[in-house]
Amino acid sequence: MGNVRRVPTSTIEPPADAEAPRRHPKAPGPGERTREHHSQCRGCADVPGSLRIRSWVEDDGVSVRSRFDVLDEHQGGPGLLHGGLLMTAFDDALGTAHTQVVRAAVTARMETDFRRPVPVGTTLWLRSRVDAVVGRKVYTSGVAYLGELDGEVAGTARALFVKVGAEHFLKHSRPEDLEALGASREVIEAARAAP
Ligand SMILES: CCCCCCCCCCCCCC(=O)SCCNC(=O)CCNC(=O)[C@H](O)C(C)(C)COP(=O)(O)OP(=O)(O)OC[C@H]1O[C@@H](n2cnc3c(N)ncnc32)[C@H](O)[C@@H]1OP(=O)(O)O
C-alpha cells in the first residue's frame, strides 16, 4: 500500500473535567418523540430506503432511546444485519442525542464495536447519550440491545460530533435541497462566495 497516504486520527475520549450536558431549551422533553434530522434522512425519516429509526427522550431530558426494526432489506450476511447499517443506526441515534443538547452538529469520527450478530426480524433498541460538550466538540456514546432495552448487547459506539452553523449546509448541500427548505438563491450564493 505504498502510495496510500495515512491520514492521522485523533482521540474521541471526552476530557474528564468536562461539564455535564444540559437539554437545549427548544429540544423535546422527557417521553416525547424526537424530530427527524431532515425530511429525507435515511436514518429516521419515513421515506423509502430509510431505516425508519424512531427515538424518544429519556427522563433526564438529554439521553434518547431508539427503535430499529431489522428487515430483509437490511441484510449483509445471510439473514443478518449488515454491519454498515448498524453503524448507520448508531450515527442516527447518537446524532439524535446530540440534538437534545446542541442545534446542529455533524459526525466527525465514530467507533463501533460489533458484539453479536443481529438476525433479520430482530428489534434493536439503542440507548444514546451526550457525554460532554467542549467548545464545538460533542462527545456521544451508545449501546444497541437485541430485542429489548438492556437485553443482550449487540454493539456499542462512540462518536465525536462537531457543531456547525447554517453555513455548513448553505455551502455544501445541493442548492435545490436548500431551496426546498426555504433558502433563497441569493442567500445560498452569498454563503458560497464567503471565504
Ligand atoms: C439550511 C439549514 C439546514 C439544516 C439541516 C440540519 C440537519 C442536521 C443533520 C444531522 C446529520 C446527522 C449526522 C450526519 O449524517 S453528518 C454527515 C457525515 N459527516 C460529515 O459530512 C462531516 C464532514 N466533515 C466536516 O464537514 C468537517 O471535517 C467538520 C465540520 C467535522 C470539522 O471541520 P471544521 O473545519 O469545521 O473544524 P476543525 O477541523 O477545526 O475541527 C474542530 C475540532 O474538532 C476536531 N476534529 C475534527 N474532526 C475530527 C476527527 N475526525 N477526529 C477527532 N477530532 C476531530 C478538531 O481536532 C478540532 O478540535 P480542536 O483542535 O479545536 O480541539
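Me: What makes us say that the ligand lies between domain 1 and domain 2?
Reply: Domain 1 (20-163) and domain 2 (165-195) both give residues to the shell around the ligand, so the ligand lies between them. The domain bounds come from an automatic or database domain assignment. The C-alpha centres of the two domains lie 27 Å apart.

Me: What kind of model is this, and which pLDDT limits apply?
Reply: It is a predicted model: local features need pLDDT of at least 70, side-chain atom pairs count only at pLDDT 80 or more, and totals for chains, interfaces and linings use all residues. Residues are numbered from 1 along each chain as its sequence is written.

Me: Which residues around the ligand come nearest?
Reply: Gly95, Val106, Ala108, Arg109 and Val162 come nearest, out of 23 residues around the ligand. A residue is near a molecule or strand if its C-beta atom, placed from the backbone, lies within 6 Å of it.

Me: Which helices and strands each supply at least two residues of that shell?
Reply: They are helix H1 (83-99), strand E3 (105-114), strand E6 (152-163) and helix H2 (166-172). E3 gives the largest share, 4 residues. Helices (H or I, at least four residues) and strands (E, at least two) are DSSP runs, numbered from the N terminus.

Me: Why is H1 called largely enclosed?
Reply: In H1, 12 of the 17 residues are buried, so the helix is largely enclosed by the rest of the structure. A residue is buried if 20 or more other C-beta atoms lie within 10 Å of its own, exposed if 12 or fewer, and partly exposed in between, with C-beta atoms placed from the backbone. Among the buried residues of H1 are Leu86, Phe90, Leu94 and His98.

Me: Which strands do the buried residues of H1 pack against?
Reply: They pack against E1 (54-57), E2 (64-69), E3, E4 (123-134), E5 (137-146) and E6.

Me: How do you know what span to expect of H1?
Reply: The expected span of a helix is 1.5 Å times one less than its number of residues. H1 has 17 residues, and the expected span is 24 Å. From its first C-alpha to its last, H1 reaches 24 Å, close to that value.

Me: What makes the phi of Arg52 worth a remark?
Reply: Most residues other than glycine have a negative phi. Arg52 is not a glycine, yet its phi is positive, about 55 degrees. Arg52 sits in the segment before E1. Asp150 is not a glycine either, and its phi is positive at about 65 degrees. Asp150 lies in the loop between E5 and E6.

Me: Are Arg52 and Asp150 exposed or partly exposed?
Reply: Arg52 has 17 other C-beta atoms within 10 Å, so it is partly exposed. Asp150 has 9 other C-beta atoms within 10 Å, so it is exposed.

Me: Which residues does Thr107 touch, not counting residues up to four places away in sequence?
Reply: Thr107 touches Asp91, Gly95, Ala159 and Phe161. Contact means that the C-beta atoms of two residues, placed from the backbone, lie within 7 Å. Thr107 is in strand E3. With 17 other C-beta atoms within 10 Å, Thr107 is partly exposed.

Me: Why is Arg185 called exposed?
Reply: Arg185 has 10 other C-beta atoms within 10 Å, so it is exposed. Arg185 lies in helix H4 (residues 185-193). Arg185 and Gly151 are 34 residues apart in sequence and 50 Å apart in space, C-alpha to C-alpha.
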